[in-house]
Amino acid sequence: MTTPLYDGIADWYEEYASETSSVYMDRIRSVLAGLLGEGPGRCLDLCCGTGAHAAELRRLGWTPVGVDLSGGQLRHARSRLPVARADATALPLAAGAVPAAVCVLAHTDMPDYPAALAEAARVLAPGGRLVHVGVHPCYVGAFADRSEPERIVIDGGYASREHTLRSWNAVGVRARVGAWHLPLADLLNAVTAAGLVVTRVIESGSGPVPDALAIAATKPR
């Protein structure tokens with residue numbers, strides 16, 4: 001089982017997600033809502049963390065259920081949705097168990113996100129929807145200096161897939177827990193390799209260079 005890096009910063013992250021970065025999180029949830037659409041049915045919140053997006057899933061008519069590896073994070077999430085502690089690559093759900101699944105701002109926390117996507121596809125019912133919302137793989141990462149919002153500087157680290165704590169922001173999440181990078185082609189190919197069909201892709205940002213990439217996909221019937 002992968003080491004739960006967020007256990008040591010769970011309380012800090014709860015405040016960060018709910019207060020410090022609330023404007024950013026609201027934008028991310030708006031993108032999520034636009035791609036996921038309305039329920040009903042269970043929606044798996046993959047790597048749910050503190051459950052920061054559970055209320056939005058309920059607003060859309062879904063019944064959220066969360067899975068995360070971090071017991072510290074789940075301590076906050078339990079008041080927001082039913083949760084289980086499990087690795088994203090070995091979900092405690094039967095095949096075809098849920099009509100929808102989302103993964104929000106978590107793919108860089110996983111050493112093998114393609115395996116997590118394959119597992120999410122396994123538990124999706126035929127015709128089910130998966131929505132990925134994550135940091136933009138081209139413009140956010142250890143390789144990207146975002147200290148000037150209108151001029152992002154990319155270095156040769158874009159090709160690296162190793163875990164790193166390197167970050168332009170010394171007080172942000174990545175400086176605390178690090179990140180695994182998945183280049184754009186690898187991310188898109190992982191979705192299709194899981195047997196899902198990409199239906200829409202959205203880039204989002206508060207400035208001229210996007211900081212988030214969202215993918216909607218469906219499981220063939």
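Reader: Which residues touch the most other members of the largest nonpolar core?

Author: A word on the source comes before the answer. This is a predicted model, in which local features need pLDDT of at least 70 and side-chain atom pairs count only at pLDDT 80 or more, while totals for chains, interfaces and linings use all residues. Residues are numbered from 1 along each chain as its sequence is written, and side-chain values use heavy atoms, with hydrogens and water left out.

In soluble globular proteins, nonpolar side chains tend to be buried together. A nonpolar core is a set of buried Ala, Val, Leu, Ile, Met, Phe, Trp, Tyr and Cys residues joined through side-chain atoms within 4.5 Å. Buried means under 20% relative accessible area, exposed over 50%, and partly exposed in between (1.4 Å probe, protein chains only). Here the largest core has 31 residues, and those touching the most other members are Leu 44, Leu 46, Met 110, Tyr 113, Leu 117, Leu 130 and Leu 196.

Reader: Which elements give two or more residues to this core?

Author: Helices (H or I, at least four residues) and strands (E, at least two) are DSSP runs, numbered from the N terminus. The contributing strands are E1 (42-46), E2 (63-68), E4 (98-104), E5 (124-135) and E9 (212-218), and the helices are H5 (113-123) and H7 (184-193). Helix H5 supplies the largest share, six residues. Apart from this core lies another, of 27 residues, including Tyr 6, Val 133, Ala 212 and Ala 216.

Reader: What does Leu 46 touch, not counting residues up to four places away in sequence?

Author: Contact means heavy atoms within 4.5 Å. On that basis Leu 46 touches Val 67, Ala 88, Leu 91, Val 102, Cys 103, Val 104, Ala 116 and Ala 120.

Reader: How many bridges join E4 to E5, and how many join E5 to E9?

Author: Two strands pair if DSSP finds at least two bridges between them. E4 and E5 run parallel and are joined by six bridges, with Ala 100 opposite Arg 129 in E5. The chain passes from E4 through H5 to E5 in a right-handed β-α-β crossover; with the strands pointing away from the viewer, the path from the first strand over the helix to the second runs clockwise. E5 and E9, by contrast, run antiparallel with seven bridges, and Val 131 has Ala 216 in E9 as its bridge partner.

Reader: How many disulfides are there?

Author: A disulfide is a covalent bond between the sulfur atoms of two cysteines. The rule applied is a pair of cysteine sulfur atoms within 2.5 Å, and the count is zero. For Cys 47, the nearest cysteine sulfur is that of Cys 103, 5.2 Å away. Cys 47 is buried, at 19% relative accessible area. For Cys 138, the nearest cysteine sulfur, also that of Cys 103, is 18 Å away; Cys 138 is buried too, at 18%.

Reader: What is the phi of Cys 47, and what is that of Leu 105?

Author: Most residues other than glycine have a negative phi, and most peptide bonds are trans. Cys 47, in the loop between E1 and helix H3 (54-59), has a positive phi of about 55°. Leu 105, in the loop between E4 and H5, has a positive phi near 55° and is buried at 14% relative accessibility.

Reader: Which peptide bond is cis?

Author: The bond from Gly 39 to Pro 40 is cis, with omega near 20°. Pro 40 lies in the loop between helix H2 (22-36) and E1.
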